[in-house]
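Subject: Structure for you, with notes

Hello,

Here is the structure I promised to pass on. Please open it alongside the notes below.

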Amino acid sequence: MSLIYFHRFLIFCAILFGAYFCWYLWVRYDSTGHSSELWASIGSGLITLALVAYLPTVKGRQAQRP
């Protein structure tokens, strides 16, 4: 496995973790009403969306043509 594919796998794992963490904090905010959990959920969601936008841009090297 080349390093670029491992990097893409790690980004994918970070997206899954970020989505779960965003959902978890949203549920906690819903039950407790603390605004810090709301802002943490929003921040986690924004970072997750940024990673979703970044993932398609990570590509391996293209073979150079003569």
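What follows is a short account of what was found. One caution before the details: this is a predicted model.

Helix H1

Start with helix H1, which covers residues 3-32. Its 30 residues should span 44 Å at 1.5 Å a residue. The end C-alpha atoms are 42 Å apart, which agrees with that expectation. After H1 comes Gly33. Its phi is positive, near 85°.

Which residues of H1 are buried? They are Ile11, Ile15, Gly18 and Leu25. These buried residues pack against helix H2, residues 35-54.

Phe21 sits in H1. Its relative accessibility is 35%, so Phe21 counts as partly exposed.

Trp26

Trp26 lies in helix H1. Is Trp26 buried, exposed or partly exposed? At 45% relative accessibility, Trp26 counts as partly exposed. Leaving aside residues up to four places away in sequence, Trp26 touches Leu38 and Ser41. The C-alpha atoms of Trp26 and Glu37 are separated by 7.0 Å. Those two residues are 11 apart along the chain.

The salt bridge

How many salt bridges does the structure hold? One. The side chains of Arg28 and Glu37 make it, at 2.9 Å from N to O. Arg28 has a relative accessible area of 35%, so Arg28 is partly exposed. Glu37 has a relative accessible area of 10%. Buried means under 20%, so Glu37 is buried.

To look at on screen

- The packing of the buried H1 residues against H2.
- Trp26 with its contacts Leu38 and Ser41.
- The Arg28 and Glu37 side chains in their salt bridge.

Best wishes

Terms used: Residues are numbered from 1 along each chain as its sequence is written. This is a predicted model: local features need pLDDT of at least 70, side-chain atom pairs count only at pLDDT 80 or more; totals for chains, interfaces and linings use all residues. Side-chain values use heavy atoms; hydrogens and water are left out. Helices (H or I, at least four residues) and strands (E, at least two) are DSSP runs, numbered from the N terminus. Buried means under 20% relative accessible area, exposed over 50%, partly exposed in between (1.4 Å probe, protein chains only). Contact means heavy atoms within 4.5 Å. The expected span of a helix is 1.5 Å times one less than its number of residues. A salt bridge is a side-chain nitrogen of Lys or Arg within 4 Å of a carboxyl oxygen of Asp or Glu.
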